[in-house]
Amino acid sequence: MAGMMMATPEIGGVAGAPNEGVFDAAHVAEVKTWLKTVFEAVGREVPDFEYTPRTVAHLHNICTLSQKRTQAATIVATDLRQKAAEFRAEAARVREILECAGLSQENLSQSGVASAHTLATVAQLLDINNMETSSFLLAMAELSLKKADVEEKRSRAQKESKMLLDNTRKAIARLTYLKRTLSQLEEEAAVREGPMMQWQTNLKMMASKERQYLQQLANYKAVLARLGYTPEISHGVLMQMVELRKDLERKTKPILDTLRSYQDLPPDKALAELAIEDKRREYEAAEKYLEDALHSALNTPND
């Protein structure tokens with residue numbers, strides 16, 4: 001029954017056992033024998049149930065597993081019984097030696113018994129199997145090594161702990177500084193929010209003005225295109241024309257002054273007409289020169 005109890009958790013793992021649809025007479029006989037042995041061990045009868053290929057497959061798997069575990073448990077139990085017999089024999093031999101030496105438990109004082117128990121306890125703690133001094137020394141040396149190793153690990157852990165503590169303090173100080181900085185930035189943001197809104201308003205207005213100026217520039221370019229403006233008519237060309245005009249005005253001024261002086265001519269009409277005709281020709285020549293200079297200035301590319 002114990003084997004069956006141990007194997008029970010494996011039932012769910014054999015749902016896909018092979019040959020479930022076919023009876024195996026050897027498996028059925030083996031299952032029946034195993035069930036009879038298990039239930040008789042606990043004084044009970046095998047309950048009635050239907051032997052189907054599925055139940056036989058499950059029970060055979062459980063039977064096989066239970067038998068393997070029972071066999072393993074039997075081997076372990078046999079080994080433990082053998083060791084117990086060896087320990088009892090060793091205890092009898094030691095007891096006999098102690099009695100021959102007059103050191104039996106009945107001959108020992110209470111303090112001696114306590115000391116013996118103490119030695120046994122220490123031996124168990126040190127994991128040694130005899131009471132020889134060398135064994136104690138070796139166990140103590142090993143314990144000292146373990147202690148040194150533990151102390152080294154403890155020292156290293158303390159250093160790491162100290163380092164972590166320092167890093168934690170630095171992190172806390174840094175966090176405090178960052179919180180203070182964040183608070184200052186939030187205060188400055190609140191103060192600068194008003195000017196920022198004004199700047200945004202101005203930016204929108206400037207963007208609107210930009211669009212307006214671009215539209216005006218496009219309109220002006222269209223007007224210049226309708227008026228026949230060309231790139232040759234530049235500021236430099238216009239300034240040259242102004243200079244030529246001033247030069248021509250300076251040259252024609254004496255002629256105009258002379259013509260005005262003819263208003264005081266003598267009554268000789270013929271001479272006056274001849275003089276006026278000469279001055280008119282000079283004036284027309286000056287005007288023609290001015291027109292030619294303007295045309296040449298317009299036709300010359302601006303460098």
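This is a predicted model: local features need pLDDT of at least 70, side-chain atom pairs count only at pLDDT 80 or more; totals for chains, interfaces and linings use all residues.
**Overall fold**

The protein contains seven helices and zero strands. Its pattern along the sequence is accordingly written α-α-α-α-α-α-α. Of the 303 residues in the protein, 13% are buried.

| Helix pair | Angle between axes | Axis separation | Crossing |
|---|---|---|---|
| α2 (residues 25-41) and α3 | roughly 60 degrees | within 9 Å | left-handed |
| α4 (residues 110-126) and α5 (residues 133-226) | about 50 degrees | 10 Å | left-handed |

**Helices α2 and α3**

The axes of α2 and α3 cross at roughly 60 degrees. This angle makes α2 oblique to α3, and α2 passes α3 in a left-handed crossing. On the α2 side, the contact is formed by His 27, Val 28, Glu 30, Val 31, Trp 34 and Leu 35. These residues meet Val 56, Leu 59, His 60, Ile 62, Cys 63, Ser 66 and Gln 67 in α3. Sorted by class, the contact of α2 with α3 comprises eight nonpolar, four polar and one charged residues.

One of the α3 residues in this contact is His 60, which lies in a helix spanning residues 53-100. The relative accessible area of His 60 is 12%; because the cut-off for burial is under 20%, His 60 counts as buried. When residues up to four places away in sequence are not counted, His 60 touches His 27, Glu 30 and Val 31. His 27, Glu 30 and Val 31 are among the α2 residues that meet α3.

**Helices α4 and α5**

Helices α4 and α5 pack at an angle of about 50 degrees, and their axes are 10 Å apart. This angle makes α4 oblique to α5, and α4 passes α5 in a left-handed crossing. Leu 119, Val 122 and Leu 126 represent α4 in the contact. Their counterparts in α5 are Phe 136, Ala 139, Met 140 and Leu 143. By class, the contact of α4 with α5 has seven nonpolar residues, with no polar and no charged residues.

The contact of α2 with α3, by class, includes four polar residues and one charged residue, whereas the contact of α4 with α5 has no polar and no charged residues.

Definitions and conventions. Residues are numbered from 1 along each chain as its sequence is written. Side-chain values use heavy atoms; hydrogens and water are left out. Helices (H or I, at least four residues) and strands (E, at least two) are DSSP runs, numbered from the N terminus. Buried means under 20% relative accessible area, exposed over 50%, partly exposed in between (1.4 Å probe, protein chains only). Axes are lines fitted to C-alpha atoms, for helices over the stretch in contact, and angles run from 0 to 180 degrees between N-to-C directions. Angles under 35 degrees count as roughly parallel, over 145 as roughly antiparallel, 65 to 115 as roughly perpendicular and the rest as oblique. A crossing is left-handed if the near helix is turned anticlockwise from the far one by less than a right angle, and right-handed if clockwise. Contact means heavy atoms within 4.5 Å. Ala, Val, Leu, Ile, Met, Phe, Trp, Tyr, Cys and Pro count as nonpolar, Asp, Glu, Lys and Arg as charged, and the others, Gly among them, as polar.
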